[in-house]
Amino acid sequence: MKEKILIVHNYYQIPGGEDTVVVNEKKLLEDNGHKVILYSRNNSELKTMSTIQKLLLPFTTVFSLRTYREVKQIIKEQHIGIVHIHNTLNLISPSVYYAAFSCKVPVVQTIHNFRMLCPGATFYRDGHICEDCVEHGLGCAVKHNCYRGSKLQTLMCVITTKIHRMLGTYKKLNYICLTEFNKQKLLQLKQIKPEKVFVKPNFTFRADVKHQNGLFYLYIGRIEAIKGVDKILSAFSKMPDKQLKLAGTGTILDELKDEYQSLENVEFLGYVEHEDLIELVAQTKALIIDSQWYEPFGMIVIEAYASGVPVIAGDIENISSLVTHNITGIKFKYDSIEELIAAVDEFESSRQQWNQNVIKEYEEMYSPERNIVMLETIYQDVAQPRVSVGGNRS
């Protein structure tokens with residue numbers, strides 16, 4: 001019997017990969033016979049809030065009565081079997097968990113970032129990997145204003161996390177982590193039991209276009225230091241015979257355009273619609289990724305694979321776990337410009353059948369057919385809890 005699923009998601013003001021995952025999983029479940037209802041809020045609502053609502057925000061971020069009442073009503077009226085949550089910050093709040101608990105409905109929380117351990121959600125600060133909040137406590141985040149550069153907003157995140165740790169909220173949930181690395185990070189929160197944590201990667205639908213063995217390399221993503229864009233540009237400034245295109249916007253876009261405006265082999269495309277991105281990916285030699293932080297997954301990697309495109313990636317979790325060296329791409333030391341240059345040279349001299357390799361990887365690991373089996377198995381397990389014996393949770 002197919003479960004009725006309530007998907008819960010709080011959209012950020014700036015759209016991101018989590019939103020794509022929500023859309024994809026909703027469609028996947030519906031295509032496979034599940035009744036799916038989406039409960040969502042959008043942080044753009046913050047712009048139109050009254051003064052009183054803004055004053056109450058520190059309290060509603062911890063527990064929203066509106067969410068509790070609305071979600072509880074949906075669960076009862078629609079006979080929901082599973083509540084699957086993606087994001088609760090800021091408007092939905094962890095009260096959604098208690099709405100499900102009160103109705104005795106199991107909760108699955110997909111972990112898209114590291115916010116349960118790091119209020120900044122990235123394990124990254126001041127240009128380097130930072131795990132101070134795990135080692136020394138959440139107060140470190142307040143000291144460094146880790147959430148959006150704001151001490152007040154960081155404090156709100158810390159208070160919310162601490163309250164729900166004390167209440168034991170998090171140990172009552174079931175979790176989907178996107179990689180084994182993310183699972184091990186989550187388990188550093190000792191109140192979470194390993195048997196309640198599953199590993200399931202994201203997926204993408206098949207590309208409608210085929211790889212055309214293009215003449216240029218491609219970067220897609222935010223134009224930020226955390227993404228290593230400055231290192232990619234520095235590398236290509238030393239490879240004038242190699243063409244690079246960058247698709248995306250960000251806080252250092254204008255700065256980088258000014259710095260590298262004289263380069264004839266580099267083109268800044270700015271914001272590109274998703275449909276056009278798929279066409280662009282199919283025309284490239286390889287995707288270039290040089291994240292400087294533990295990027296929780298990397299949807300663009302599997303979207304490249306779905307188009308038959310290999311990936312040249314910095315060797316840092318989690319991106320490195322998606323790329324098999326000299327099979328689906330080339331890996332290099334993520335903070336080394338010289339090794340990125342060497343990786344491009346190695347890629348060009350390789351005789352690998354890149355297209356065949358990455359399509360095979362996509363079909364076996366990141367296709368809709370593979371993902372629905374994994375997702376339904378998780379739902380069955382949380383609906384009828386049992387002690388896991390084998391690979392169901394890893």
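In this predicted model, the count of aromatic pairs comes to 13. One of them joins F114 and F123 in a tilted arrangement, with 4.9 Å from centre to centre and 35 degrees between the planes. The model also holds two open sheets: six strands in the order β2-β1-β3-β4-β7-β8 form one, and six strands in the order β11-β10-β9-β12-β13-β14 form another.

**Aromatic rings**

- A pair of aromatic rings is described by the distance of the centres and the angle of the planes.
- F114 has a relative accessibility of 4% and, because the limit for a buried residue is under 20%, F114 counts as buried.
- F297 and Y366 make an edge-to-face pair, with centres 6.3 Å apart and planes at 70 degrees.
- This pair links distant parts of the chain, 69 residues apart: F297 belongs to the loop between β12 and α12 (299-306), and Y366 to helix α15 (residues 354-366).
- F297 is buried at 3% relative accessibility, and Y366 is buried at 4%.
- Ring pairs also connect F63, Y68, Y98 and F101 into a cluster.

**The sheet from β2 to β8**

- Strands of a sheet pair through backbone hydrogen bonds, either parallel or antiparallel.
- In the sheet with the order β2-β1-β3-β4-β7-β8, the pairing is parallel.
- Its edges are formed by β2 (36-42) and β8, each of which pairs on one side only.
- From one strand to the next, the twist of this sheet averages 20 degrees.
- Strand β1 (residues 5-11) is joined to β2 by seven bridges, and the two run parallel.
- Within this pairing, I7 is placed opposite L38 of β2.
- Helix α1 packs on the sheet and touches β1, β2 and β3 (82-87), its direction making about 165 degrees with that of β1.
- Helix α3 (residues 65-78) likewise packs on the sheet, touching β1, β2 and β3, and its direction makes about 170 degrees with that of β2.

**Strand β7 and its neighbours**

- Strand β7 (residues 174-177) is covered on both faces: N174 and I176 on one side are buried, as are Y175 and C177 on the other.
- Four bridges connect β7 to strand β4 (residues 107-111), in parallel.
- The bridge partner of T110 in β7 is I176.
- β7 also pairs with strand β8 (residues 197-199), in the parallel sense and over three bridges.
- Here I176 stands opposite F198 of β8.

**The sheet from β11 to β14**

- The strands in the order β11-β10-β9-β12-β13-β14 pair in parallel.
- β11 (266-270) and β14 (329-332) are the edge strands, each pairing on one side only.
- Neighbouring strands of this sheet are turned against each other by 20 degrees on average, direction ignored.
- Strand β12 (residues 286-289) and strand β13 (residues 311-314) run parallel and are joined by three bridges.
- In this pairing, I288 has I312 of β13 opposite.
- Helix α9 (residues 229-237) packs on the sheet, where it touches β9 (216-220), β10 (243-247), β11 and β12; the direction of α9 makes about 160 degrees with that of β10.
- Helix α14 (residues 337-349) packs on the sheet too, in contact with β9, β12, β13 and β14, and its direction makes about 160 degrees with that of β14.

**Helix α1 against helix α16**

- Helix α1 (residues 17-31) packs with helix α16 (residues 368-383) at an angle of about 85 degrees, their axes 10 Å apart.
- α1 is therefore roughly perpendicular to α16, as angles of 65 to 115 degrees count as such.
- On the α1 side the contact is made by E25, L28 and L29, and on the α16 side by P368, N371, I372, L375 and Y379.
- By class, this contact has six nonpolar residues, one polar and one charged.

**Loop residue Q353**

- Q353 is situated in the loop between α14 and α15.
- With a relative accessible area of 46%, Q353 is partly exposed.
- Q353 and K285 are 68 residues apart in sequence, and their C-alpha atoms are 13 Å apart in space.

Note on methods. Residues numbered from 1 in each chain as written. Predicted model: local features only at pLDDT ≥ 70, side-chain atom pairs only at ≥ 80, totals over all residues. Heavy atoms only, no water. Pairing = 2+ DSSP bridges. Axes fitted to C-alpha atoms, helices over the stretch in contact; angles between N-to-C directions. Contact = heavy atoms within 4.5 Å. Parallel < 35°, antiparallel > 145°, perpendicular 65-115°, else oblique. Nonpolar A, V, L, I, M, F, W, Y, C, P; charged D, E, K, R; others polar. Phe/Tyr/Trp six-rings, centres within 6.5 Å; stacked < 30°, edge-to-face > 60°. Buried < 20%, exposed > 50% of the residue type's maximum accessible area, 1.4 Å probe, protein only.
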